[in-house]
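Biologist: I am new to this structure. Please show me how to read it.

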Protein chains: 2
Amino acid sequence: MSSLQNYKIGILGGGQLGWMMILEGRKLPLKFYVLGNPEDPACQIADKCYPLENYKEMIDESDVVTFEFEHVSEEALNYAEEKNKLLPRLNSVELKRERYKEKEFLRDHNFPVPRFEVADNGEEALRILKNDFNNLGVIKQSKGGYDGKGQYFIKEDSEKYQFIKNMNCKFVVEEFIDFDFEASIIVTRSKKEFKAFTPSFNYNEKGILIYNYGPYFNEEMVKIGEKLTKDLDYIGTMGIEFFVKENKVLINETAPRVHNTGHYTLDASFVSQFEQHLRAITDMDLGDTTFLKPFGMVNILGKSDFPKEILRIGKVYWYGKNQAKKRRKMGHINIVGKDLEDVKGKIDNIMKILYTEGIEL
Amino acid sequence: MSSLQNYKIGILGGGQLGWMMILEGRKLPLKFYVLGNPEDPACQIADKCYPLENYKEMIDESDVVTFEFEHVSEEALNYAEEKNKLLPRLNSVELKRERYKEKEFLRDHNFPVPRFEVADNGEEALRILKNDFNNLGVIKQSKGGYDGKGQYFIKEDSEKYQFIKNMNCKFVVEEFIDFDFEASIIVTRSKKEFKAFTPSFNYNEKGILIYNYGPYFNEEMVKIGEKLTKDLDYIGTMGIEFFVKENKVLINETAPRVHNTGHYTLDASFVSQFEQHLRAITDMDLGDTTFLKPFGMVNILGKSDFPKEILRIGKVYWYGKNQAKKRRKMGHINIVGKDLEDVKGKIDNIMKILYTEGIEL
């Protein structure tokens with residue numbers, strides 16, 4: 001018989017990823033404790049919500065601790081690791097604390113990544129860009145980058161970016177990849193098995209995901225996911241974003257958690273990325289990940305409400321955030337279709353209804 | 001823009017059907033108020049749980065009121081109807097208050113039903129059985145029958161059933177249908193549209209559903225669902241159970257609510273019967289009901305826990321009831337498969353794991 005009854009899952013972070021983890025986990029006899037603010041989506045449906053300063057109490061009361069966002073309280077992450085409760089473990093989070101660490105780890109482990117160099121400050125970054133990249137590339141702050149923040153795409157007129165010279169922080173300088181398209185894969189590893197969801201085509205604007213769709217079959221991505229989770233001895237769901245150019249893949253970024261490009265799995269896979277994550281960290285068997293039908297997802301960005309007619313086309317997931325802000329993810333829409341053309345047509349329709357006057361980013 | 005924000009759904013009854021309604025409705029900006037006991041599954045995840053005696057307060061505070069079980073407090077149903085908030089309306093519930101009313105309604109509206117007669121008491125019921133049915137048939141109490149309770153299948157040795165003679169209540173006496181199989185359809189009607197889910201094959205034992213699977217295509221069932229919901233001016237999701245014999249269908253029973261045989265829609269349809277019900281009663285557009293993959297569902301009856309290895313095969317929905325009882329629905333398992341054979345194989349496996357020593361009913 002199961003030993004799941006009232007097993008307590010601690011989630012660090014109260015955002016929509018934690019919210020969907022709880023929505024998906026409620027069908028199982030699990031309890032959810034969230035470290036966040038009372039108005040956070042996940043806190044509103046949690047069994048208990050703890051303010052940030054009470055992280056020790058929350059971790060002590062949980063059987064296993066996970067996170068829905070890697071840039072949460074370092075103290076909480078460290079404490080959960082110390083108590084041997086953190087899954088995925090701290091080693092995966094540490095790679096994300098500084099961008100160069102992730103890049104170097106991937107390169108050292110022979111994963112395909114864009115050519116890059118690390119600079120200790122802005123002056124060095126600009127010098128590297130000039131000397132080694134012919135003034136064409138991407139300068140990324142090593143710390144604190146998320147959803148496109150702190151990233152400078154320098155295609156021409158590098159003069160404009162001279163302000164970087166005065167920035168006294170670590171940078172990654174990277175070749176600019178003129179990709180054919182972006183794609184990602186969601187994978188999950190438990191103590192005893194590995195499973196991958198079907199990759200998707202992603203469309204980003206200004207570093208933020210607008211929509212994605214699939215299926216997109218790519219065995220190399222599956223292999224990379226398998227090796228990467230094994231190399232990290234990773235437990236849980238992970239998202240890996242790629243650039244694809246002439247059928248070659250390069251890892252752009254990894255996320256040691258459930259991922260925006262995997263929201264489609266709520267409706268187009270038997271088991272979602274969220275349930276799969278919970279299965280992995282509670283040592284249950286993983287579920288079937290084969291896609292059920294061609295799928296798509298559109299993010300609802302910066303809106304305080306959604307047009308009802310969208311329900312004619314798709315399913316709305318409304319996160320219930322207390323305030324809309326520019327670029328803020330307020331919800332998303334999932335669709336399925338009979339083939340990729342059908343799916344793309346539906347995405348076009350949703351984009352027209354949702355962003356009548358374009359997206360403000 | 002939508003006017004759904006914080007729209008308040010009142011649910012009469014706190015069982016698993018209300019629980020799944022809330023699980024499925026949480027993705028939308030709806031609030032859920034439940035009339036039930038605090039330990040009821042739906043109450044545990046509701047925004048507010050009201051004790052039975054506070055039904056007026058609960059109904060006054062809700063924008064629309066629905067029910068997850070038709071045999072709930074008559075006062076509450078009547079009051080919600082009076083306040084013009086009940087959906088589906090009282091006319092559908094009234095048919096279920098006495099079995100003969102439903103039977104007569106269906107026959108009067110030219111729906112295919114088994115031959116039946118109504119008896120005012122037990123003595124008359126036995127006389128009708130003898131005179132008109134050659135002592136072979138089913139005697140059903142008109143009131144209070146649910147999950148096989150109060151139903152007597154008289155195939156031989158009618159002497160054994162002489163105790164019915166002393167029962168002073170209304171009965172329906174019905175011909176015994178030696179069906180090839182049982183099946184059901186889940187349909188939904190809103191103010192402006194009608195949609196049907198794919199029917200399923202059902203396996204019942206002692207009046208209780210053990211498992212079902214599909215798809216089973218049957219256009220006549222779709223037509224019956226469309227006409228029936230129209231004749232009742234019905235708003236919401238409805239389950240209709242059939243006997244099928246030599247490809248002819250006869251209505252066995254209807255349920256003016258989401259239904260146990262529609263649990264598969266949580267995983268094998270784009271929109272579930274629960275979300276569809278909420279869409280109908282809040283006047284949203286209905287969603288796509290086409291099945292995504294061959295599907296199956298197994299009820300977990302009378303168990304206080306579930307064997308973890310079942311997760312290898314399916315998804316578990318554990319209702320979190322406080323006590324297991326014989327015949328009590330404690331949870332269910334959804335599966336999908338590549339074809340009906342695959343699905344049936346998985347159901348067999350689950351049955352073996354779950355009911356190692358047979359089902360106690």
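Biologist: Which residues in H1(A) meet which residues in H10(A)?

Modeller: First, the ground rules. This is a predicted model: local features need pLDDT of at least 70, side-chain atom pairs count only at pLDDT 80 or more, and totals for chains, interfaces and linings use all residues. Residues are numbered from 1 along each chain as its sequence is written, chains are lettered from A and ligands numbered from 1 in written order, and side-chain values use heavy atoms, without hydrogens and water.

Modeller: Contact means heavy atoms within 4.5 Å. Helices (H or I, at least four residues) and strands (E, at least two) are DSSP runs, numbered from the N terminus. Here Leu17(A), Met20(A), Met21(A), Glu24(A) and Gly25(A) of H1(A) meet Phe274(A), Glu275(A), His277(A) and Leu278(A) of H10(A).

Biologist: At what angle do H1(A) and H10(A) pack?

Modeller: Axes are lines fitted to C-alpha atoms, for helices over the stretch in contact; angles run from 0 to 180 degrees between N-to-C directions. H1 (residues 16-25) and H10 (residues 273-281) of chain A pack at about 80 degrees, with axes 8 Å apart. That makes H1(A) roughly perpendicular to H10(A) (65 to 115 degrees).

Biologist: In what order do the four strands form the open sheet?

Modeller: Two strands pair if DSSP finds at least two bridges between them. In chain A the order is E5-E8-E6-E7, with antiparallel pairing. E5 (116-119) and E7 (151-154) of chain A stand at the edges with a single partner strand each, so one side of each lacks a neighbour in the sheet.

Biologist: Over how many bridges do E6(A) and E7(A) pair?

Modeller: Four. Gly137(A) has Ile154(A) as its bridge partner in E7(A).

Key
Angles under 35 degrees count as roughly parallel, over 145 as roughly antiparallel, 65 to 115 as roughly perpendicular and the rest as oblique.
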